[in-house]
Amino acid sequence: MANSLRGEVLNLYKNLLYLGREYPKGAAYFRSRLKAAFLKNKDVKDPEKIKQLIARGEFVIKELEALYFLRKYRAMKQRYYSDD
């Protein structure tokens, strides 16, 4: 794996670990699933395949951020608006 792709993969892993701290099922659950996903693809050597996997990981980041924003929005809505 090229060094630039290695750095991208490490940054992706770090970002996902950081986002996983607030995962609804718990950080330990998220961490174990994340580690399993990365270990499953550790033997991939093709740079194009690695780029595809990085793009998929970035998509997961966007989905997690959307999940967290929605959760925060619902919590704020419940605080300020009653269900009359």
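## Starting from Leu12

Which helix does Leu12 lie in? Leu12 belongs to helix H1. Please keep in mind, as you look around, that this is a predicted model.

Is Leu12 buried or exposed? Its relative accessibility is 7%, so Leu12 counts as buried, the cut-off for that being under 20%. Leaving aside residues up to four places away in sequence, Leu12 touches Phe38, Leu53, Ile54, Gly57, Glu58 and Ile61.

Not counting residues up to four places away in sequence, Tyr68 touches Leu19, Gly20, Glu22, Tyr23 and Pro24.

## How H1 packs on H2

The axes of H1 and H2 are 10 Å apart, and the two helices pack at an angle of about 160°. H1 and H2 are therefore roughly antiparallel to each other, as angles over 145 degrees count that way. Their crossing is right-handed.

On the H1 side, the contact is made by Val9, Leu12, Tyr13, Leu16 and Leu17. On the H2 side, Phe30, Arg31, Leu34, Lys35 and Phe38 take part. Sorted by type, the residues of the contact of H1 with H2 are eight nonpolar and two charged, with no polar ones.

## How H1 packs on H3

H1 and H3 cross at roughly 20°, and their axes come within 10 Å. That angle makes H1 roughly parallel to H3, because angles under 35 degrees fall in that class. The crossing of H1 and H3 is left-handed.

Which residues of H1 meet H3? They are Leu5, Glu8, Val9, Leu12, Asn15, Leu16 and Leu19. Across from them, H3 brings Pro47, Ile50, Lys51, Leu53, Ile54, Gly57, Glu58, Val60, Ile61, Leu64, Glu65 and Tyr68. The residues of the contact of H1 with H3 divide into 13 nonpolar, two polar and four charged.

Conventions:
Residues numbered from 1 in each chain as written. Predicted model: local features only at pLDDT ≥ 70, side-chain atom pairs only at ≥ 80, totals over all residues. Heavy atoms only, no water. Contact = heavy atoms within 4.5 Å. Axes fitted to C-alpha atoms, helices over the stretch in contact; angles between N-to-C directions. Helix = DSSP H or I, 4+ residues; strand = E, 2+ residues; numbered from the N terminus. Parallel < 35°, antiparallel > 145°, perpendicular 65-115°, else oblique. Left-handed = near helix turned anticlockwise from the far one by under 90°. Nonpolar A, V, L, I, M, F, W, Y, C, P; charged D, E, K, R; others polar. Buried < 20%, exposed > 50% of the residue type's maximum accessible area, 1.4 Å probe, protein only.
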